[in-house]
Amino acid sequence: MAQFQRTASVSTPAGANWRDYYELTKPRVVAMLLLTALVGMCLATPGWPPWSAVLVGLFGIGAQASAAAVFNHVIDWKIDTKMQRTRHRPVAEGRVSQGAALAFAVVLMVSGFIACWWLNPLTAWLTFASLVGYALVYTQWLKPATPQNIVIGGLAGAMPPLLGWTAVTGEIHAHALLLVMIIFTWTPPHFWALAIHRRHDYAKADVPMLPVTHGVGFTQTMVLLYTLLLVIVGILPWLTGMSGWLYLVGATTLNLVFVGYAWRLKTQSQKGIAWQTFKFSIWHIFATFVVLLADHALRY
């Protein structure tokens, strides 16, 4: 990987501190992933899952998700320097060397894998596969190659509920895959709304995001179609008996509001709608999984 040749040293540039390493892990993203993993753990069993599985599982999943984020910083450093949103990231700005970041990522990856293996090998290998899917398949290959990068690569980010489920049960269940489907369907409209807002940044960095390659109008249509698909996917946990009425009402309401934002994005030219849609999408997925958890708690 040519990107890694920028520095051969693993030493940390002067001025780097723990906050820089903390930023490398994309803590807000990882926190959201851990929430979805926790919901997967809770829905895997009628009662509260064993504390050992919860604590060790969340550490292992979180460590490997953090490692994937650090690898992303290293691989994308050149792109990050060209974009307003990312040019102040620690590796892009030179506060942390690529070598030091790589060493940090490896430590996180190995410790996370060991923790997941302590629970069961299935969780360890699935979590590692998610790391590879995000750090290499998405970041290294798909992101610079195709406007469908976030659709294909989004599967890696959708895996935590399944990982949480397997951490508790040691097996894959269809209900866990439904949780994966929710995030997988949510990811494209979430990210494309941001891509519309930052399309000039992506064009400057020569990243083939959908608004750059196919135009804003086409991307707006795709956002709307995916939110409509999310309404359908969101009903499946209730139809299969995994969740009850509280989830059905809560998730359907959230999904219809998301459709409303997507409709405004498609039909109105008001400045800032794409950013508003993106911000709502974050609260949407957070609230959806909180409702899943609340519904499960009331039922059991």
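In which segment does Asn17 lie? Asn17 belongs to the segment before α1 (18-24), where helices are DSSP runs of H or I with at least four residues, strands are runs of E with at least two, and both are numbered from the N terminus. The model is predicted: local features need pLDDT of at least 70, side-chain atom pairs count only at pLDDT 80 or more, and totals for chains, interfaces and linings use all residues. Residues are numbered from 1 along each chain as its sequence is written, and side-chain values use heavy atoms, with hydrogens and water left out.

View 1. A polar atom of the Asn17 side chain lies 2.9 Å from the backbone nitrogen of Arg19. Asn17 is partly exposed, at a relative accessible area of 31% (buried is under 20%, exposed over 50%, partly exposed in between; 1.4 Å probe, protein chains only).

**View 2. Position of Trp48 in a loop.** Trp48 is located in the loop between α2 (27-43) and α3 (51-75). The relative accessible area of Trp48 is 47%, so this residue is partly exposed.

**View 3. The chain as the setting of the close-ups.** The chain has 15 helices and zero strands. Its C-alpha atoms fill a box of roughly 55 × 50 × 30 Å, taken along the principal axes. Of its 300 residues, 52% count as buried.

Terms used
A polar contact is a pair of N or O atoms within 3.5 Å; within protein, one must be able to donate a hydrogen and the other to accept it, and residues adjacent in sequence count only if both atoms are side-chain atoms.
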